[in-house]
Amino acid sequence: MRTRLLLGLALLSTGLLAGAFGYGAANLVPTFNAVPLDIRLSFHTELMKMNGITMQAAMGISIVSSLTLAALTHGRTRLLAGGAGLLALTSLLVTRFGNVPINSRIKEWAHTSAPADHTEILRHWETFNDIRTVAAVLAFALLISTALRAPTHH
């Protein structure tokens, strides 16, 4: 029962994480690139304020629930859940050391002006965003695989 609840929590949190990052990659980033720079910078800054708490919570719960599930299970389930936890951790680390420092710069630019190389810096942010999105989606896929492998009780 405990492992089923953990799997449910891991599925929920990684699903939300993958969905949020997926939505951002598919919809927000193209919108960022379609609007004038000053609008992008202002919106990006405000969005990061909102995302700070929710995305960190989703990443943290994804990591803890997946790795706890791995610790409490054996065999293939342990490998899949552990892999999901490590992928969720990857999304956290990429966010923390890739996107967040650039977000800080974007916040400054919103109040001053963007540097001449801002296009390249924003491209780096998008690359980090793609990496964390793929990591979150793969974590979710591993947990779906775990759930599909679970024996059903009638």
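Trainee: Which residues does Thr45 touch, not counting residues up to four places away in sequence?
Mentor: Keep in mind that this is a predicted model. Thr45 touches Ile106, Lys107 and Ala110. Thr45 itself is found in helix α2.

Trainee: What makes Thr45 count as buried?
Mentor: Its relative accessible area is 10%. Buried means under 20%, so Thr45 is buried.

Trainee: Thanks! How many helices and strands does the protein chain have?
Mentor: There are four helices and zero strands, and along the sequence the pattern reads α-α-α-α. The C-alpha atoms fill a box of roughly 60 × 25 × 20 Å along the principal axes. Of the 154 residues in the chain, 36% are buried.

Trainee: What share of contacts between residues at least 6 apart in sequence join residues at least 24 apart?
Mentor: That share is 77%.

Trainee: On to the rings. How many aromatic pairs does a search of the whole structure find?
Mentor: The search finds two aromatic pairs. One of them is formed by Phe32 and Phe43, with ring centres 5.9 Å apart and planes at 65 degrees.

Trainee: Why is the pair of Phe32 and Phe43 called edge-to-face?
Mentor: Take the two values in turn. Rings pair if their centres lie within 6.5 Å, and here the centres are 5.9 Å apart. Planes over 60 degrees apart count as edge-to-face; these planes are at 65 degrees, so the pair is edge-to-face.

Trainee: How do you know that this pair ties together parts that are apart in sequence?
Mentor: Phe32 lies in helix α1 (residues 2-34) and Phe43 in helix α2 (residues 37-72), so the pair ties together parts eleven residues apart in sequence.

Trainee: Why does Phe32 count as buried, and what does Phe43 count as?
Mentor: Phe32 has 4% relative accessibility, so it counts as buried, the cut-off being under 20%. For Phe43 the value is 42%. Partly exposed covers what lies between the buried cut-off and the exposed one of over 50%, so Phe43 counts as partly exposed.

Trainee: Which residue forms an aromatic pair with Phe32 at 6.3 Å centre to centre?
Mentor: That is Trp125, and with 65 degrees between the planes this pair is edge-to-face. The pair links distant parts of the chain, with Phe32 in helix α1 and Trp125 in helix α4 (residues 118-149), 93 residues apart. Both Phe32 and Trp125 are buried.

Trainee: Which residues do the ring pairs link into a cluster?
Mentor: The cluster is made of Phe32, Phe43 and Trp125.

Trainee: How do you know that the charged end of Arg96 is close enough to sit over the ring of Phe97?
Mentor: The distance cut-off is within 6 Å of the ring centre, and the charged end of Arg96 is 5.5 Å from the centre of the Phe97 ring.
Mentor: The core has eleven residues: Val29, Phe32, Leu41, Leu47, Met48, Ile102, Ile106, Trp109, Ile121, Leu122 and Trp125. The elements that give two or more residues to this core are α1, α2, α3 (75-111) and α4. Another core lies apart from it, with nine residues, among them Leu7, Ala10, Ala70 and Leu143.

Trainee: What does Leu41 touch, not counting residues up to four places away in sequence?
Mentor: Leu41 touches Ile106, Trp109, Ala110 and Ala114.

Trainee: What is the volume of the largest pocket, and which residues are closest to its centre?
Mentor: Its volume is about 550 Å³. Of the 26 lining residues, Met48, Asn51, Gly52, Asn103 and Arg132 are the closest to the centre. Helix α2 gives the most to the lining, with nine residues.

Trainee: Last one: why are Ser91 and Thr133 called buried?
Mentor: Ser91, in helix α3, has a relative accessible area of 0%, so it is buried. Thr133, in helix α4, has 9% relative accessibility and therefore counts as buried. Both values pass the test of under 20%. Leaving aside neighbours within four places in sequence, Thr133 is in contact with Phe21, Gly22 and Ala25, while Ser91 touches Leu17, Phe21, Met59, Arg132 and Ala135.

Conventions: Residues are numbered from 1 along each chain as its sequence is written. This is a predicted model: local features need pLDDT of at least 70, side-chain atom pairs count only at pLDDT 80 or more; totals for chains, interfaces and linings use all residues. Side-chain values use heavy atoms; hydrogens and water are left out. Rings of Phe, Tyr and Trp (its six-membered ring) pair if their centres lie within 6.5 Å; planes under 30 degrees apart count as stacked, over 60 as edge-to-face and the rest as tilted. Buried means under 20% relative accessible area, exposed over 50%, partly exposed in between (1.4 Å probe, protein chains only). A charge sits over a ring if NZ of Lys or CZ of Arg is within 6 Å of the ring centre and within 35 degrees of the ring normal. A nonpolar core is a set of buried Ala, Val, Leu, Ile, Met, Phe, Trp, Tyr and Cys residues joined through side-chain atoms within 4.5 Å. Contact means heavy atoms within 4.5 Å. On a 1 Å grid over the protein atoms alone, a cavity is a set of points where a 1.4 Å probe fits but cannot get out, and a pocket is an open set with protein on both sides within 12 Å along at least five of seven lines; lining residues have an atom within 4 Å of a point. Grid points are joined across faces, edges and corners, and a volume is the space filled by probe spheres set on the points.
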